Amino acid sequence: MNTPTNNNNSNSGVVLTDFHLRVLVVEDNQDLARLFCDLLEVMGCETRVAFNAHSGIEAARQDPPDLVFCDLRLPGEKNGLDLAQTLRSDNQLSHIPLIAVTGYVDDTEEKRALAAGFDRIFAKPIKFAQIQEVLKGYHAARQQ
């Protein structure tokens with residue numbers, strides 16, 4: 001008897017929901033970035049990682065993603081707010097949904113993130129259900 005095999009490379013071997021979205025994760029903490037990508041891949045997404053705003057902008061320009069999750073506080077000359085402003089000012093990239101993820105959420109930080117061009121903001125650690133909610137929303141919008 002032949003048993004079908006699951007070729008997903010996730011820990012559970014099961015795709016919980018198959019969103020088929022290409023997601024760029026911009027996060028300077030390499031362990032957190034890998035964990036974030038693992039969660040997204042379990043949900044059927046294709047992921048790429050950038051560890052600072054500059055490489056995130058370049059990655060988006062080279063191969064525009066369907067969605068970006070970005071830490072607000074990144075090392076280097078540019079931070080997550082700069083990334084959002086740059087992508088929003090680029091006619092080829094301005095439509096991409098931007099989700100801010102930060103360890104320091106307060107009203108001021110949230111207002112700054114939304115003003116820079118982020119569509120949503122979540123506190124770290126972002127929860128699986130929050131990621132799934134975001135993916136469902138953008139997947140449904142893309143299908144229309």
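Colleague: Where is Ala60 found?

Modeller: Ala60 is in helix H2, where helices (H or I, at least four residues) and strands (E, at least two) are DSSP runs, numbered from the N terminus. Please keep in mind that this is a predicted model, in which local features need pLDDT of at least 70 and side-chain atom pairs count only at pLDDT 80 or more, while totals for chains, interfaces and linings use all residues. Residues are numbered from 1 along each chain as its sequence is written, and side-chain values use heavy atoms, with hydrogens and water left out.

Colleague: And is Ala60 buried or exposed?

Modeller: Ala60 is buried, with a relative accessible area of 0%; buried means under 20% relative accessible area, exposed over 50%, and partly exposed in between (1.4 Å probe, protein chains only).

Colleague: Which residues does Ala60 touch?

Modeller: Leaving aside residues up to four places away in sequence, Ala60 touches Leu24, Pro65, Leu87 and Leu93, where a contact means heavy atoms within 4.5 Å. Ala60 and Leu87 are 27 residues apart in sequence, and their C-alpha atoms are 8.2 Å apart in space.

Colleague: How do H2 and H3 pack?

Modeller: H2 and H3 pack at an angle of about 25°, with their axes 9 Å apart. That makes H2 roughly parallel to H3. The axes are lines fitted to C-alpha atoms, for helices over the stretch in contact, and angles run from 0 to 180 degrees between N-to-C directions; angles under 35 degrees count as roughly parallel, over 145 as roughly antiparallel, 65 to 115 as roughly perpendicular and the rest as oblique.

Colleague: Which residues make that contact?

Modeller: From H2 they are Ala53, Gly56, Ile57, Ala60 and Arg61, and from H3 they are Leu83, Thr86 and Leu87. By class, the contact of H2 with H3 has five nonpolar, two polar and one charged residues, where Ala, Val, Leu, Ile, Met, Phe, Trp, Tyr, Cys and Pro count as nonpolar, Asp, Glu, Lys and Arg as charged, and the others, Gly among them, as polar.

Colleague: What about H3 and H4, how do their axes cross?

Modeller: The axes of H3 and H4 come within 8 Å and cross at roughly 25°. That makes H3 roughly parallel to H4. In this contact Leu81, Ala84, Gln85 and Arg88 of H3 meet Arg112, Ala113 and Ala116 of H4, and these residues divide into four nonpolar, one polar and two charged.

Colleague: What is the relative accessible area of Gln85?

Modeller: Gln85, which is found in helix H3, is partly exposed, with a relative accessible area of 44%. Gln85 and Ala113 are 28 residues apart in sequence and 9.6 Å apart in space, C-alpha to C-alpha.

Colleague: Let's move on to H1 and H5, at what angle do they pack?

Modeller: Helix H1 (residues 30-42) and H5 pack at an angle of about 55°, with their axes 11 Å apart. H1 and H5 are therefore oblique to each other. Phe36, Leu39 and Leu40 in H1 meet Phe128, Ile131 and Leu135 in H5, and by class this contact has six nonpolar, no polar and no charged residues.

Colleague: Which residues touch the most other members in the largest nonpolar core?

Modeller: Of its 23 residues, Val26, Val68 and Phe118 touch the most other members. A nonpolar core is a set of buried Ala, Val, Leu, Ile, Met, Phe, Trp, Tyr and Cys residues joined through side-chain atoms within 4.5 Å. In soluble globular proteins, nonpolar side chains tend to be buried together. A second, separate core of 18 residues includes Phe19, Val25, Cys45 and Phe69.

Colleague: Changing topic, where is the cis peptide bond?

Modeller: The cis peptide bond joins Lys124 and Pro125, with omega about -5°, and Pro125 lies in the loop between strand E5 (120-123) and helix H5 (128-143).

Colleague: Last one, how many helices and strands does the protein have?

Modeller: The protein has five helices and five strands, and read along the sequence they follow the pattern β-α-β-α-β-α-β-α-β-α. Of the 144 residues of the protein, 41% count as buried.
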